[in-house]
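I am opening the notebook on this one. My plan is to look up one thing at a time and write down what I find.

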Amino acid sequence: MKFVDEYRNKESVQKIAQAIKEITKHPWTIMEICGGQTHSIIRFGLDELLPKEITLVHGPGCPVCVTPLESIDRAIAIAAREDVIFCSFGDMIRVPGSQKDLLGVKAEGADIRIVYSPMDALEIAKKNPSKKVVFFAIGFETTAPGNAMAAYMAKKQGIDNFSLLVSHVLVPPAIETILSSKQNKVQGFLAAGHVCTIMGYEEYEPIAKKYKTPIVVTGFEPFDILQGVHMCIKQLEENRYEVENSYARCVHREGNNKAMEIIKEVFEVSSRKWRGIGIIPQSGLILRKDYFQFDAERIFDLENIKTCEPEECISALVLQGIKNPHECAAFGKQCRPDHPLGAPMVSSEGACNAYYRYKRR
Amino acid sequence: MTNKKEYNFPSCPIPISDYPRVLLAHGSGGTLTNQLIDKIFRSVFNNDYLNQSHDGAIAQISANKIAMTTDSYVIHPIFFPGGDIGSLAIHGTVNDLAMCGARPLYLTVGFILEEGLAMEDLWRVANSMQRAAEEAGVQIVSGDTKVVDKGKADGIFINTSGVGVIEHDQSICPQSIKEGDCIILSGDIARHGMAIMAVRESLSFENTIESDSASLSDLVLKLIKSKVTIHCMRDLTRGGLATALVEIAKASSMAIEIDENVISVREDVRGVCEILGIDPLYVANEGRFICFVPESEAKEVLAIMKASPLGNDASIIGHVVKGKKTLVIAKNQIGTTRIVDMLSSEQLPRIC
């Protein structure tokens, strides 16, 4: 298959792995931001192809994992209402809330539907005018244009039974939070190719400069990831700290203007709580005033929701790259995909899930 | 099979003007039930056993050993590219019997119909069942019909149970597999699951992906007749190839190594899987199976499979090794390995 097979080619993968070995002289710790990259690394065993001097740590780029517990509890409260059809991307419905998950609420009779796109939720709203249709708008910059488009179209078409429960997060503030933490071990970043396809990579340049840390925009196939690692190690060994693009077949420095325009039209930047990390200033998106009528948090009464995280879960440390899933006492024991304590064990982009699926000891 | 014929069935004998849709009364046991049975089921499935009009079917068999199985079919939509719930209900149960090394003979069928189901749809499903049964060499010898209130079912649910005879002395089951056995896969995987997902979610592609739903009985009987040694067979249904391998490894206390590079996935199916972030190893099939045979027999088994349209894409995908903690390991394209385990639930498309 074009654009897949050539990046999974054994010879080219081995060649780039060899090239990494040849340039690596010192120990380095690199973080891949995106959960999709984490899964690729673990599924293809890419970490095993790297010299022992290189440590890969997994970043917070799993949209399901960083959605705060409060948002999930709110989603559950909204979904449980009889007048609501609650629509969500698939992975979210299995993430544990304080008491239960959306799947459990569905079994209790709630009308919860898995959709592939927020536009599908908008269609459901059109077909069910007597119901309030709520879409759980989560994710990074990658899903933001689609979610924004749904709100934009709802406004344009006057669909007033549609709303978004927004829990959007942004990558660059998360990188800054990690780099400015006292516990930080990360010396170089692989930036998420899909996020940069939308946003470009200009906004990463001041971060690389300020923290003297190389950032390489990286794709998702085995060769892509190793190429990102190679460029990152090369910078580290040469004591450079620039933003480089190893995913040029998708990413341009200026990003996708149309997508950014629709994000700007509907959303504005705001502080946002990240599950496991806490509040990060200017790290999320909220609906602009013109779109308040589509804000589920303004439509439904969501007071009196108490949240509580399970104590055993160390997902906060896993999400910041401080601990590895194998270092968690509950991993594979009390915490499994069929009985998750934290979101990273559920999501198909979660680090714990990747380790459980492909790398159990 | 990819090149399925479109069949034209005779039109439904229950006059559309009278009962275009199934009513609760069709399940009441009264005249409407009788009319439904006579005009649709008895007329379509027509055979001596059914015509006994008894509480059950009485049949003579000439074997020491029989295999029995049952399965229920709930699929949405009931008609999909490459098949429908009727043909699926025959293929699934026939294939389960075939995997036991049995020659499938008789099936029973239980229908749960939702009030309001179009009579024409029921007619099409019944005809499709009969055609699939004829192709698989089985007869539908007994049945039951219930009608539930609208909203209490999804159009039509079907249960089929089957009986087959075992006419050889081989013990075909997971416990029979041995270290060194070759694992032969009968063809490309993941077509059924992706065909259903594409219809359900209105995903459109250049070519329609058709389900692989088919009866495997003919091919399996050919293998048995050829007297090759077969240790185990398993049809790949829900959970796909990966789940079948893990189940067998677990049941036999052996471990399995496979090579993902030789597992055939049609280009368009692979494309859809890649886009949605779905692993084809876990996607449902309805016309594929794996066969565990001693290495010395592998060549012959492969030749028999390849001579059949149901197995012309067959290949050796791996082998059985000594039992260890990790049950199934897959070698991938870049030469590294990964664990293959059961999924805790259905695969869901990725978010971004």
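Which residues of the largest nonpolar core touch the most other members? I note before going on that this is a predicted model. I looked up the core and found 120 residues in it, with Leu164(A) and Ala191(A) touching the most other members. I then checked where the core residues come from. Helix H11 of chain A, residues 222-237, gives the largest share, eight residues. I also found a second, separate core. It has 102 residues, including Ala67(B), Ile75(B), Val147(B) and Ile189(B).

**Entry: Ala191(A)**

I listed what Ala191(A) touches, leaving out residues up to four places away in sequence. The list holds Ile33(A), Cys196(A), Tyr201(A), Tyr204(A), Ile215(A), Val216(A), Val217(A) and Thr218(A).

**Entry: chain A overall**

I counted elements next. Chain A has 15 helices and eleven strands. Along the principal axes, the C-alpha atoms of chain A fill a box of roughly 65 × 45 × 45 Å. I looked up burial too: 53% of the 361 residues of chain A count as buried. For contacts in chain A with a separation of 6 or more, I find that 77% are between residues 24 or more positions apart.

**Entry: strands E1 and E2 of chain A**

How do E1(A) and E2(A) run, and how many bridges join them? They run parallel, and six bridges join them. Strand E1 covers residues 28-34 of chain A, and strand E2 covers residues 54-61. I picked out one pairing: Glu32(A) has His58(A) in E2(A) as its bridge partner. I then followed the chain between the two strands. It passes from E1(A) through helix H2, residues 35-43 of chain A, to E2(A). This β-α-β crossover is right-handed. E2(A) is mostly covered, with six of its eight residues buried.

**Entry: helix H4 of chain A**

Why do I call H4(A) largely enclosed by the rest of the structure? Eight of its eleven residues, in the run 69-79, are buried, so the helix is largely enclosed. I wrote down the buried ones: Leu69(A), Ser71(A), Ile72(A), Arg74(A), Ala75(A), Ile76(A), Ile78(A) and Ala79(A). I note that Arg74(A) and Ser71(A) are among them.

Lys212(A) has phi near 50 degrees. It is found in the loop between helix H10 (205-210) and strand E8 (215-218) of chain A. Is Lys212(A) buried or exposed? With 11 other C-beta atoms within 10 Å, Lys212(A) is exposed. Asn239(A) has phi near 55 degrees, also a positive value in a residue other than glycine. Its place is the loop between H11 and strand E9 (243-245) of chain A. Asn239(A) is exposed, with 8 other C-beta atoms within 10 Å.

I looked at omega in chain B. A cis peptide bond joins His76(B) and Pro77(B), with omega about 0 degrees. Pro77(B) is in the loop between strand E1 (65-73) and strand E2 (79-80) of chain B.

**Entry: Tyr106(B)**

I found Tyr106(B) in strand E4 of chain B, residues 103-114. Tyr106(B) is buried, with 22 other C-beta atoms within 10 Å. Leaving aside neighbours within four places in sequence, I list its contacts as Ala57(B), Ala59(B), Val138(B), Gln139(B), Val141(B), Gly162(B) and Val163(B). I also took one distance. The C-alpha atoms of Tyr106(B) and Asn332(B) are separated by 42 Å, and the two residues are 226 apart along the chain.

**Entry: where the chains touch**

How many residues does each chain bring to the contact? Chain A brings 31 residues and chain B brings 22. Helix H8 (267-276) and strand E13 (337-340) of chain B each supply at least two residues of it. H8(B) gives the most, with four residues. By type, I find six nonpolar, nine polar and seven charged residues on this side of chain B.

Technical notes. Residues numbered from 1 in each chain as written. Chains lettered and ligands numbered in written order. Predicted model: local features only at pLDDT ≥ 70, side-chain atom pairs only at ≥ 80, totals over all residues. Core = buried A, V, L, I, M, F, W, Y, C linked by C-beta atoms within 7 Å. Buried ≥ 20, exposed ≤ 12 C-beta atoms within 10 Å, placed from the backbone. Contact = placed C-beta atoms within 7 Å. Nonpolar A, V, L, I, M, F, W, Y, C, P; charged D, E, K, R; others polar. Pairing = 2+ DSSP bridges. Right-handed = clockwise from strand over helix to strand, strands pointing away.
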